Amino acid sequence: GSCEPGLVLLDLMMPEMDGFEFLQHFREIERFAKTPVIVLTAKELTSDERNVLSGRISQLVAKSDYAITHLLDQNLNMHKPLIKIPKMLWPTHMTLC
C-alpha cells in the first residue's frame with residue numbers, strides 16, 4: 001500500500017527549489033491535490049506571494065518555537081501520520097514513503 005501524508009509542513013526558503021515551486025509541483029500530483037499544507041516561514045511575504053499561496057495552502061504561520069509546538073499540539077489527533085519533509089529531500093527525492 002501507499003503512505004499518504006496527513007499534513008505537509010513547508011518552508012518557503014529552500015535551496016535549489018523554493019517552497020512556491022515545490023507547492024506547484026506537489027499540487028500537480030492528483031493524490032496530493034487535497035493534502036493540507038501548512039507553510040512555516042520567517043519570510044515577509046509580498047501581496048503577490050500571498051496571492052500565489054491563496055487557495056493552495058491550509059495555513060500560513062510565522063516561524064517560531066511557539067508556532068511549531070502549537071501546530072503539533074493541534075494536529076496530533078490526526079488519523080494519518082504527521083510528516084515533515086526535510087529540506088534535503090526536495091527536489092532530488094520525490095518519494096514520501
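Predicted model: local features only at pLDDT ≥ 70, side-chain atom pairs only at ≥ 80, totals over all residues.
View 1. The residues being covered are Gly19, Phe20, Phe22, Leu23, Phe26 and Arg27. They sit on the same side of helix 1, because the arc they cover around the axis is only 155°.

View 2. Phenylalanine 20 itself is among the buried residues of helix 1.

View 3. Most residues other than glycine have a negative phi. Glutamate 16 is not a glycine, yet its phi is positive, at about 70°. Is glutamate 16 buried or exposed? Glutamate 16 has a relative accessible area of 70%, so it counts as exposed.

**View 4. Three phenylalanine rings in one cluster.** Which residues make up the aromatic cluster? Phe22, Phe26 and Phe32 do, as one group. The count of aromatic pairs comes to two. One of them joins phenylalanine 22 to phenylalanine 26, and this pair is stacked, with 5.2 Å from centre to centre and 25° between the planes. Both of these residues belong to helix 1 (residues 19-28), where they are four residues apart, or about one turn of the helix. Phenylalanine 26 also pairs with phenylalanine 32: the ring centres are 4.7 Å apart and the planes meet at 5°, so this pair is stacked too. As for accessibility, phenylalanine 22 is buried at 2%, phenylalanine 26 is buried at 2%, and phenylalanine 32 is buried at 3%.

**View 5. The nonpolar cores.** The largest nonpolar core has 15 residues, and Leu10, Phe22, Val37 and Leu53 touch the most other members. Strand 1, helix 1 and strand 2 are the elements that each give two or more residues to this core. Which element gives the most? Helix 1 does, with four residues. Take valine 37 as a close-up: leaving out residues up to four places away in sequence, valine 37 touches Val8, Leu10, Leu23, Phe26, Arg27, Arg56, Ile57, Ser58 and Gln59. There is also a second, separate core, made of five residues, including Leu9, Ile38, Leu40 and Val61.

**View 6. Threonine 35, tucked into a loop.** Threonine 35 sits in the loop between helix 1 and strand 2. Its relative accessibility is 6%, so threonine 35 counts as buried. Which residues does threonine 35 contact beyond its neighbours within four places in sequence? The answer is Pro5, Leu7, Val8, Phe26 and Arg27.

**View 7. Threonine 41 in strand 2.** Another threonine to look at is threonine 41, which lies in strand 2. With a relative accessibility of 4%, threonine 41 is buried. A polar atom of the threonine 41 side chain lies 3.0 Å from the backbone nitrogen of lysine 43. Apart from residues up to four places away in sequence, threonine 41 touches Leu12, Met13, Leu60, Val61, Ala62 and Lys63. One of these, Val61, also belongs to the second core.

View 8. The chain has a mean pLDDT of 75, with 62% of its residues reaching 70 or more. Where is confidence lowest, and where is it highest? The lowest is in strand 4 (residues 83-84), at a mean of 50, while the highest is in helix 2 (residues 47-53), at 93. Over residues 88-97, pLDDT stays under 50, and the model has twelve contacts beyond four places in sequence for this stretch.

Methods
Residues numbered from 1 in each chain as written. Heavy atoms only, no water. Phe/Tyr/Trp six-rings, centres within 6.5 Å; stacked < 30°, edge-to-face > 60°. Buried < 20%, exposed > 50% of the residue type's maximum accessible area, 1.4 Å probe, protein only. pLDDT = per-residue confidence, 0-100. Contact = heavy atoms within 4.5 Å. Arc of directions from axis to C-beta. Polar contact = N/O pair within 3.5 Å; in protein donor to acceptor, adjacent residues only side chain to side chain. Core = buried A, V, L, I, M, F, W, Y, C linked by side-chain atoms within 4.5 Å.
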